[in-house]
Amino acid sequence: MKSIVGTLIGDRYFIVRELRREPLGALYLACDRHSLENSQCQIERLYFPSQNNTANWQFWQNLTKLFQTEALALKNLGQNLQIPQLLDYFVEEREFYLVTELCTGKTLEQHLTDKPLNELEAIFWLQSSLEVLKFIHQKQILHLNIRPENLIQLQSDKQITLSNFGTIRNSLELFYRQQPSPLVRQSYDDYVSIEQREGSPNYSSDLYALGKTIVYALTGEVPKLQNVDRANYQKPLLAEISNRTRVNISYKLNRILSKMIDENSAARYQSAAEAIAELKQEENTVALPLPFTLPPREKKISARNKPTKSKLKADRKIKFGALLLLPFAVALIILFIGFNRNIYRNFSSYVNSNYYLAIKYPPNWTIQESEDPITGEIVVFTSPLKQPSDPFRESVYISVEYLSFNSVSLDEYLQTTIQRLEQEGNKLEGAPERTMLANYQARTIVYSRQENGLQLKQKETFAAIDNRIYIVTYVAEATQYDEYLKTTQKMLESLDIELPFYN
């Protein structure tokens, strides 16, 4: 297979450099010459040599049709932000090309150059990858190429994405192997299951590869497949690897990973959803003490440290006073809890798991999820109409804006926002205030603006949280602004943001 670095393929993609070479093709960094920004992309080249009349016209027609069918199925996965979008696919000089979105971030393999993952980090990579597999499998598509270099943590939002799908390569290779005297046979490694080697992969094949990937991330060692004979396979013992590499893996995670990497596909989890459910169940399990334990050893007090009678008497007075105050403390706690419950007694709850937030809102307000990629708006709560002729309905917007990899500070973002508002002719109402949003440092600005002949007043509260800006905006007609201010403040104070653990 000759090099194509420095050439133009598909009449638009300039090949910059080769990223990786494999038995059936290679991976390249390329520039799209038809895009306005000459944007970079990733191109996978699949190569099948033609010799001994195996590449007759009908054979290549069938192979090309298979390629186009598989590529179209992959293109439909682009709606998921954790999957690189397939931008283009074509056949040129009897070679197949897949053009995908370039993911900017660190692969799991790159993360492991410094040190292995600890267990919390491994669980994050495992659970995030399982969520992507769940979506892929629901579309009846397999990945078939899961390994450390194909799991990427994005720079933009720290999410985990699965790249370099192997489903097309696997289908083409199996089709090619059925022809007389094929020259190329795929080389397999220990991430590939027995059934995939035999040409019959299933959903659990992806779980098998992911399980081995996480084991490698924890221990630096991939469990070896000792015997590919299905009837006499030897199950890799994760405990042996843990002992050999001196890595302590908890019993619960050990059990989950061991089930994922079982060489018998029937003994594995049969779906990503099943593995996710067990993983979450283990996270919610509370470890209780053993029912029978030895009593603690009696601590001996040396003569030098033995308390005096006066000290013992003083200690008794302190304990007695604490007992007297205890009922009052309990009463205050109960009162505080009851007060907080009463505040939101008539409110409803909204939860958005994609952005890890929850908020309470009045049940007579309407709610609409928007997911606007331009404004970052994800949900809008709107007040009820007071009368049919009401010219404006007060609203609370929640938006999430992604920052660049080099995140700006909260005050820098505030100054940029103020400059933009002033350029648009809006009028600030007082100085910005320091506040809190979901227990994070935040800033609040209030300003007035004109819209469709109405005088509006707007309050924005925003916080910078892990390369994102979470923004809560209250918009009201100026004369009605104070009427809903207390309600929107309750909504603001109820906002909860619980981001997952990131490396």
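**Salt bridges, burial and pairing in a predicted model**

User: Which residues are linked in a network of salt bridges?

Analyst: In this predicted model, D411, R434 and R443 are joined in a network of salt bridges. By the rule applied, the count comes to 12 salt bridges.

User: Why is the contact of E95 with R45 called a salt bridge?

Analyst: The closest N and O atoms of E95 and R45 are 2.8 Å apart. The criterion asks for a side-chain nitrogen of Lys or Arg within 4 Å of a carboxyl oxygen of Asp or Glu, so the pair qualifies. E95 lies in strand β6 and R45 in strand β4 (residues 40-47), so the pair ties together parts that are 50 residues apart in sequence.

User: How do you know whether E95 and R45 are buried or exposed?

Analyst: Buried means under 20% relative accessible area. E95 has 10% relative accessibility, so E95 counts as buried. R45, at 1%, also counts as buried.

User: What makes K280 and E131 a salt bridge, and how is their accessibility classed?

Analyst: Their closest N and O atoms are 3.8 Å apart, and the limit is within 4 Å. K280 is in helix α9 and E131 in helix α3, 149 residues apart.

User: Why is E424 called exposed, while its partner R420 is called partly exposed?

Analyst: R420 and E424 form a salt bridge with closest N and O atoms 3.8 Å apart. Exposed means over 50%. E424 has 51% relative accessibility and therefore counts as exposed, whereas R420, with 36%, is partly exposed.

User: What makes F462 a buried residue, and what does F462 touch?

Analyst: F462 has a relative accessible area of 0%, and the cut-off is under 20%, so F462 is buried. F462 is placed in strand β18 (residues 454-464). Its contacts, not counting residues up to four places away in sequence, include L410, Y413, L437 and I469. The C-alpha atoms of F462 and L410, 52 residues apart along the chain, are separated by 8.5 Å.

User: Why are β10 and β20 described as standing at the edges?

Analyst: Three strands form an open sheet in the order β10-β11-β20, with antiparallel pairing. β10 (348-352) and β20 (496-497) each have a single partner strand, so one side of each is left without a neighbour in the sheet.

User: How do you know that β10 and β11 pair?

Analyst: Pairing requires at least two bridges, and β10 and β11 (residues 357-361) have five, in the antiparallel sense. Within β11, A358 stands opposite V351.

Technical notes: Residues numbered from 1 in each chain as written. Predicted model: local features only at pLDDT ≥ 70, side-chain atom pairs only at ≥ 80, totals over all residues. Heavy atoms only, no water. Helix = DSSP H or I, 4+ residues; strand = E, 2+ residues; numbered from the N terminus. Buried < 20%, exposed > 50% of the residue type's maximum accessible area, 1.4 Å probe, protein only. Contact = heavy atoms within 4.5 Å.
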